[in-house]
Every structure is written in structure tokens, then in C-alpha cells.
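Visitor: I have a structure open and would like to learn how to read it. Could you take me through sheets, helices and rings?

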Amino acid sequence: MPTSSYFTILSNSCLVLLFQAFFISIAASSDRHTPENHIRTRAGAPFKVALFADLHFGENAWTDWGPKQDVNSIKVMSSVLDTETPEATYLTDFVVYLGDVVTANNIPIANASLYWDQAISPTRSRGIPWASVFGNHDDAPFEWPMEWFAASGIPQLVCPVLNSGEECSFRGTSRLELMKNEMDNNVLSLSKSGPQDLWPGISNYVLQVLSKEKPHTPLVYLYFLDSGGGTYPEVISTAQADWFKRISEEINPDSTVPELIFWHIPSKAYKKVAPKFRIHKPCVGSINKEKVAAQEAEMGIMKILVKRPSVKAVFVGHNHGLDWCCPYGQLWLCFARHTGYGGYGNWARGSRILEINERPFSISSWIRMEDGSVHSEVILS
């Protein structure tokens, strides 16, 4: 199929998904319509979260190969969400997009949100709320392919046409623009732009999961941090660490409510606990195929986390060939599973699932693969 025809079909499909999401959001139960800073559990059911990491939509966007990978990534997410919903009691309640949603350095158009919109479509069409954090590829400027300079020495201007009004652009789409477009166009998105004094880091915010049975009692706090990359260094800054410390002490002063942390690029602490060869106890996982590619510097966030007994686990993406969880002091450091068909590596795709039970309280996790299989189950609390 010619690329232009493919994108016309894909654009029409996206419109259908938008209409579906609109009616689903109207028909969904009141549990789905939560205020922007929290979400509620369902009575008598565990709270289940799917992590989608490193989707890399828009990779090689000017070729036939690239759009096919995006379609494959949609199939992975759809398979995970449908398989994790065997009956009404065991719905997936929430999705976290764990960075590198798009490969912006491969997208020669002005608005990478068009690809971002495709990436969130499986979640939105099922009426599931979600939140997102940024990775190092999401706002990267376009990188000119060497093959475009072959023969005549003048690069071809090859731009995918996602709609009639889209123009070629090579500057990338800023984090602020990506987040604004997600928030403005999706009632189910709980993502935030974060405090301005933490910019250029954007996705810094906290959500609370409230008990259905005890509507004013948080069951768990979910913290999201922007680990940088792309247009600025790969780091969680001192300002971000101080922000987490201040906010966590304000809303959870006695550390009685468990806390889970999400960002994209692993901290240097991940290197300290990484299995050397095979994954062995107390670590749990199935692939350990590369070295940890950590942030450029450690500026205090890990020292704060290890001192808080309420922090149970940190979840990251970035390394496509790692999916383990290892203890670090009293908390767990976990990789998600590479979900998207974009990005490097040919390892099978999947998603890390979290399940939070209220009575008795527990946090457990496993990897759900595209083919429906499950492995690497672990208790995190």
C-alpha cells in the first residue's frame, strides 16, 4: 500500500476512534469521571495499572516500514488491555505512558501530537483514564537521514501527510505543546504540565488513588517526574527532588499512604542493583540483555526516596532489553517491558502490570506479553 494511502486510512481510523472515545466517556460509570488530580477504585475490585513504555510512534515516518510498526504497537496495547480484562471485576483501571511515546527525531512534521494521539488511542477508545511522562525522544528535533543526501547531494523533502493542513517541519514539538494538546483534547487524560518553576521538566505531578469505600482516604499516591533528555540533559534536577520532598511531606506527612514513582530514564541507583548476568533472586524478571543506560547525574532524588518508608517502587522504561525488578533498600527499582514496535531491539513486546489490593493491602506486579502469556510476578509491598 502506498504511504499516502496508508496515512489517509489511518487518519480516518483515528477520527472513528475519537468519536468512539467521546461516546464511551459519556456512557462510562461515575468511577471513570474523576476530578483531575485523583481517580477512584471500584468497590470490591483491585486497582489495576498497565504501563506502556517506549512506544516510539512516528519512527521512520516517511517510509512504509514506520507506519506498520505503529499499527503493530497498537495491537500490543490492545492485546494487553483486552487480555487483562477477563471479566468485569478485573478491568484495567488506569494506564501510564512511561515516556518515548513518539520518536520525534524521526518526525518531519510540525505537530508530533498527531502521532501521540495515535499512541493513546487504544486506551482512550476503551474509556480508560491515563497519565503520561516524557522520555528523551518525545521532543527531540528532527535528525536528517544520511540517505536523503545520496546521489544528487540534495536531500529529498519527504513528509508524511497525516491531514491536508499539516506542513513539513524539522524543529520538533515541545514538551509544553505535546502536554497541552493531550490535556486539551482528552477528557480521560490526568496528565499535568507541572509547576513552572520546574521547567524545562514538564511532566512533574502527583495523583491520588482514592478508595471507593472510603472516598476521602487515599489508597496510594502516584508521582510522575520528568527525567529529561531530548532538548535538555537527562537528569532529575535538585529542584524536582526538593519539590517531591516538599509535596510528599505535605500530603503524606506520616508516610502512612504508600507511594509509587514513575519516570522514564533510570537513575544511577539502577546500576547498583542490576543483575550481572542472569536474573537471580531477590531480583525478578525475564530479560537482562543490556547495561543500564542511566541519567547523566544523580541530584538527590534517590536519597530522598530511600528515606521514605512509604515509597514502595520506582518504574522506568528507556532500556528496551531489560524488564527486571530489584530491591534497593526498602523499595523496588523496576523496568517496564518494551511495549512498542518502534525503537531498537527485537525482544517480544509486552507491558508491566501493577495490581493494588485494598484489603489486605498489597501491591503486586507481573509482565503481560503481546501473546497473552504472563511472567515475572512479584510482590512489591
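Guide: Let's begin with pairing: two strands pair if DSSP finds at least two bridges between them. Helices (H or I, at least four residues) and strands (E, at least two) are DSSP runs, numbered from the N terminus. Here, 3 bridges join β1 to strand β5 (residues 205-210), and the two run parallel. His 38 stands opposite Gln 208 in β5. Keep in mind that this is a predicted model: local features need pLDDT of at least 70, side-chain atom pairs count only at pLDDT 80 or more, and totals for chains, interfaces and linings use all residues. Residues are numbered from 1 along each chain as its sequence is written, and side-chain values use heavy atoms, with hydrogens and water left out.

Visitor: In what order do the 7 strands of the open sheet come?

Guide: Strands of a sheet pair through backbone hydrogen bonds, either parallel or antiparallel. In this sheet the order is β1-β5-β6-β7-β8-β10-β9, with mixed pairing. At the edges stand β1 (38-40) and β9 (325-328), each with a single partner strand, so one side of each has no neighbour in the sheet.

Visitor: And which strands make up the open sheet of 6?

Guide: That one reads β4-β3-β2-β11-β12-β13, and its pairing is mixed. Its edge strands are β4 (130-133) and β13 (374-379), each pairing on one side only. Strand β3 (residues 94-98) pairs with β4 in the parallel sense over 4 bridges, and Tyr 97 stands opposite Ser 132 in β4.

Visitor: How do I check the length of helix α2?

Guide: The expected span is 1.5 Å times one less than the number of residues. For the 19 residues of α2 (residues 65-83) that gives 27 Å, and the end C-alpha atoms are 27 Å apart, which agrees. Buried means under 20% relative accessible area, exposed over 50%, partly exposed in between (1.4 Å probe, protein chains only). Among the buried residues of α2 are Gly 66, Val 76 and Leu 81.

Visitor: How many aromatic pairs are there?

Guide: Rings of Phe, Tyr and Trp (its six-membered ring) pair if their centres lie within 6.5 Å; planes under 30 degrees apart count as stacked, over 60 as edge-to-face and the rest as tilted. The whole structure holds 15 such pairs. Phe 224 and Phe 262 have ring centres 5.2 Å apart and planes at 15°, so they are stacked. Phe 224 lies in strand β6 and Phe 262 in strand β7, so the pair ties together parts 38 residues apart in sequence. Phe 224 counts as buried at 0% relative accessibility, and Phe 262 does at 1%.
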